[in-house]
Amino acid sequence: MELKAENLEIGYGDKVIVNGFSMNIERGKITTIIGPNGSGKSTVLKAVTRLIKYQGGVVYLNGREISEMKPKELARTLGVLPQIHSAPSDFRVRELVSYGRMPHQKPFSKKSEEDERIIRWAMTETGTWQLRDKSIYEISGGETQRVWIATVLAQKPEMLFLDEPTTYLDISHQLETMQLVKKLNKETGIGVVMVLHDLTQALEVSDHIIVIKDGKKYSEGVPEEVITEKMMREVYNVDCDIIKIAGRDKPLIAYKQIGA
Ligand SMILES: Nc1ncnc2c1ncn2[C@@H]1O[C@H](COP(=O)(O)OP(=O)(O)OP(=O)(O)O)[C@@H](O)[C@H]1O
Ligand SMILES: [Mg+2]
């Protein structure tokens, strides 16, 4: 499983947003895209998963151009959690998650025992099983986020694309979600591409980080090489100290004091 984007040009209308963007995503790796608001992270994620068109360049999935793949085939391979998602109508939680099985079902066929097993697995992994009979309008923002992650997991994709999966989550559920992503990646070899704003979390969970600034790749590499005081200044316009702490694998980012 490998996804390769080459020299992408992506825009809306006449406006070019992302330019000359390339990336290579390998099976089994966790890749995180970081960058300021409006820099083009979601645009890239949407283009490489074919939610929007790109005007230039090419995206290959296992050597095949994604523009030539059937939607169902693509959905069996790539699971996408967009930054903004909405359900078409009032579903029960379990019903919504079961839609994740659609790419694997024949038209008009009923859910198989395997479908049921996978739905339950996805809901257990995300801690949403106890919500199964609630309406999706009756659950909190954080619960909604976990239900959507369950829906994507139920797709059993080979690669997961998560655009800010921890939005709306309190810190304990943020950490839980990151642990879940890490565990799934380790146990099933699923490739993960995420957009995150919390750079400390990005440092901890990623194998590879891509920094986008103004629609262009600013840098990429292993987390410690990419998250530097210089990058923070040049990309985010923020002064910070990146500090190593005894007993912790990864450094912490200490931002300039507010009001200082
Ligand atoms: N549907 C759209 N039509 C027109 N312009 C858009 C559309 N979606 C995004 N843009 C513009 O493209 C640029 C990049 O947007 P994008 O959503 O990719 O940013 P982002 O890096 O994901 O930001 P954030 O961190 O805020 O989610 C922004 O200037 C935005 O206004
Ligand atoms: Mg975004």
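**Exercise 1. Which residues are around ligand 1, and which helix gives the most to that shell?**

Solution. Start by listing the neighbours in this predicted model.
- Step 1: the residues around ligand 1 are Y12, I17, G35, N37, G38, S39, G40, K41, S42, T43 and Q83.
- Step 2: sort them by class, which gives two nonpolar, eight polar and one charged residues.
- Step 3: look for the element that gives the most to the shell; this is helix 1, with three residues.
- Step 4: check the range of helix 1, which covers residues 41-48. K41, S42 and T43 are on the list of residues around the ligand.

**Exercise 2. Work out how many residues of helix 1 are buried, and what follows the helix.**

Solution. Here a cut-off is needed: a residue is buried if 20 or more other C-beta atoms lie within 10 Å of its own.
- Step 1: apply the cut-off to helix 1. Six of its eight residues are buried, and the helix is mostly covered.
- Step 2: name the buried residues: K41, T43, V44, L45, A47 and V48. K41 and T43 are also among the residues around ligand 1.
- Step 3: move on along the chain. Helix 1 is followed by R50, which has a positive phi, near 65 degrees.

**Exercise 3. What is the strand order of the open sheet of six strands, and which strands are at its edges?**

Solution. Trace the sheet from one side to the other.
- Step 1: the order reads 6-7-8-3-9-10, and the pairing is mixed.
- Step 2: find the strands that pair on one side only. These are strand 6 (78-81) and strand 10 (216-221), the edge strands.
- Step 3: Strand 6 runs parallel to strand 7 (residues 159-163), and four bridges join the two. In this pair, L81 stands opposite L162.
- Step 4: place the helix. Helix 5 (residues 141-154) lies across strands 6 and 7, at about 170 degrees to strand 6.

**Exercise 4. Why is the protein as compact as a globular protein of its length?**

Solution. Begin with the inventory.
- Step 1: the protein has nine helices and 12 strands.
- Step 2: its radius of gyration is 19 Å, close to the 18 Å that the globule rule gives for 260 residues, so the protein is as compact as a globular protein of that length.
- Step 3: along the principal axes, the C-alpha trace spans about 60 × 40 × 35 Å.
- Step 4: turn to the contacts between residues at least 6 apart in sequence; 65% of them join residues at least 24 apart.

Technical notes. Residues numbered from 1 in each chain as written. Chains lettered and ligands numbered in written order. Predicted model: local features only at pLDDT ≥ 70, side-chain atom pairs only at ≥ 80, totals over all residues. Pairing = 2+ DSSP bridges. Contact = placed C-beta atoms within 7 Å. Axes fitted to C-alpha atoms, helices over the stretch in contact; angles between N-to-C directions. Buried ≥ 20, exposed ≤ 12 C-beta atoms within 10 Å, placed from the backbone. Near = placed C-beta within 6 Å. Nonpolar A, V, L, I, M, F, W, Y, C, P; charged D, E, K, R; others polar. Rg over C-alpha atoms; globule rule 2.2 N^0.38 Å.
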